[in-house]
Amino acid sequence: MAPTFTSMEASNGHEVPKVASIKTLADSASLTFVPSEYTYTKNPNEQGDANDPEHSIPIIDFALLTSGSPDQRAKVIQELRRACEEWGFFQVTNHGVPESLMQSMIDACHRFFDLPEEEKKEFQTRNLLDPIKFGTSFNVDIEKVHLWRDFLKVIAHPEFNSLYKPAGYSEVSLEFSKRTREVATEILKGISESLGLEADYIAKAMNWDRGLQILAANYYPACPQPDKAIGLPPHTDHGLVTLLIQNEMGGLEVKHKDQWVLVNAAPGAFVVNIGDQMQILTNDKYKSIWHRAVVNNKATRISIAVPHGPSLDTPALPIPELLEREGQAPKYIGMTYEKFMELQASPAALTNPCLDHLRV
């Protein structure tokens, strides 16, 4: 059985979860198997494969997108359009964010997860949009199987929030979130242009200047039976675009043409994916793709996903210009981003994908 926390109040006044962190469980010397409450059954016909060159996610050269010649930029915009249409995932290289800064961000998050459990408990909360939120699994109140994962979510925009521990986290996260947002802003411009719109169209429509940015760090410790547990089950992301980095341990799998593809990210690259709000805006032209995080029995994997979304009070709706050009009716009704995020964290999301709740 997994160890449990006693029922108590965190320093922020919220009752803490009764399920122990996965780090507490994984650090137990007696752990040789996956406890029943963490046992997750995967489809044996859906294994990942990173070796097939046909199944390598596209690479977008950020330098050519932002500072190349007009011809080079036009070519990259077309590559971006194909990546969004055919994959919904792509890697971004030559983005200008120092690899040392990316590594420092991973190291700072690792130091946080290594803090004593008592020190991390003050950041536990059940409130979805609290500025800082530490927890385990996904939603222990409603899920049937616990995930092999601890997480730390910190809102970095429109207001920057940070931790006072571990030492150095605040300074690194400020620079990393700022630089990551700059990359996301340029990617959003490229996506707008790839749809035949003005570069700032989506940013204006989604109130990007007040948009939500979250630093979501995931801690996946080595698992004694990785085929019997899951870090994150198949899901889509709620925002417009997500940028992800990870340590040297892979584990991100993307569903492409009904097969799970293990992502082999280039060193120093951001892995970028389209989110649900973008699928709504484009009326299914650019789809939010299912992906999952698998675990291993060798070493801890740390990933940092940085979802970027509209402002919380902004509803995404299919873009009228695209509907008119394609001769389509809108496939989605509007819902504010905040309500959409609440839906994703609710029991309703366990039975149907969130987007299905908004389909006309």
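Predicted model: local features only at pLDDT ≥ 70, side-chain atom pairs only at ≥ 80, totals over all residues.
Helices come first. Two packed helices are described by the angle between their axes and the distance between the axes. For helix 3 (residues 70-86) and helix 6 (residues 169-194), the angle is about 85 degrees and the axes sit 9 Å apart. Since angles of 65 to 115 degrees count as roughly perpendicular, helix 3 and helix 6 are therefore roughly perpendicular to each other. On the helix 3 side, the residues making the contact are Arg73, Ile77, Leu80, Arg81 and Cys84, and they meet Ile187, Gly190, Ile191, Glu193 and Ser194 of helix 6.

Next, the strands. Strand 8 (residues 252-256) is mostly covered, with four of its five residues buried. It has strand 11 (residues 291-293) as an antiparallel partner, joined to strand 8 by three bridges. Within this pairing, glutamate 253 stands opposite arginine 292 of strand 11. Strand 8 also pairs with strand 9 (residues 259-262), again in the antiparallel sense and over four bridges. Here histidine 256 has glutamine 259 in strand 9 as its bridge partner. The hairpin formed by strand 8 and strand 9 has two residues between the strands, and in this hairpin lysine 257 takes a positive phi near 55 degrees.

Then there are the aromatics. The model holds six aromatic pairs. In one of them, phenylalanine 112 and phenylalanine 134 have ring centres 5.6 Å apart and planes at 75 degrees, so the pair is edge-to-face. Phenylalanine 112 belongs to helix 4 (residues 99-113) and phenylalanine 134 to strand 3 (residues 132-136), so this pair ties together parts that are 22 residues apart in sequence. With buried meaning under 20% relative accessible area, phenylalanine 112 counts as buried at 0%, and phenylalanine 134 counts as buried at 2%. A second example is phenylalanine 113 with tyrosine 219: the ring centres are 5.1 Å apart and the planes lie at 40 degrees, so the pair is tilted. Phenylalanine 113 is in helix 4 and tyrosine 219 in strand 5 (residues 213-220), so the parts tied together by this pair are 106 residues apart in sequence. Both phenylalanine 113 and tyrosine 219 are buried.

The peptide bond from histidine 157 to proline 158 is cis, with omega near 15 degrees. Another cis bond joins lysine 165 and proline 166, where omega is about 0 degrees. Proline 158 is found in the loop between strand 4 (150-157) and helix 6, and proline 166 also lies in the loop between strand 4 and helix 6. Further along, asparagine 283 is not a glycine but still has a positive phi, of about 55 degrees. Its place is in the loop between helix 8 (276-281) and strand 11, and asparagine 283 is buried, with a relative accessible area of 2%. Aspartate 284, also not a glycine, has a positive phi of about 80 degrees. Aspartate 284 sits in the loop between helix 8 and strand 11, and counts as buried at 10% relative accessibility.

How values were computed. Residues numbered from 1 in each chain as written. Heavy atoms only, no water. Axes fitted to C-alpha atoms, helices over the stretch in contact; angles between N-to-C directions. Parallel < 35°, antiparallel > 145°, perpendicular 65-115°, else oblique. Contact = heavy atoms within 4.5 Å. Buried < 20%, exposed > 50% of the residue type's maximum accessible area, 1.4 Å probe, protein only. Pairing = 2+ DSSP bridges. Phe/Tyr/Trp six-rings, centres within 6.5 Å; stacked < 30°, edge-to-face > 60°.
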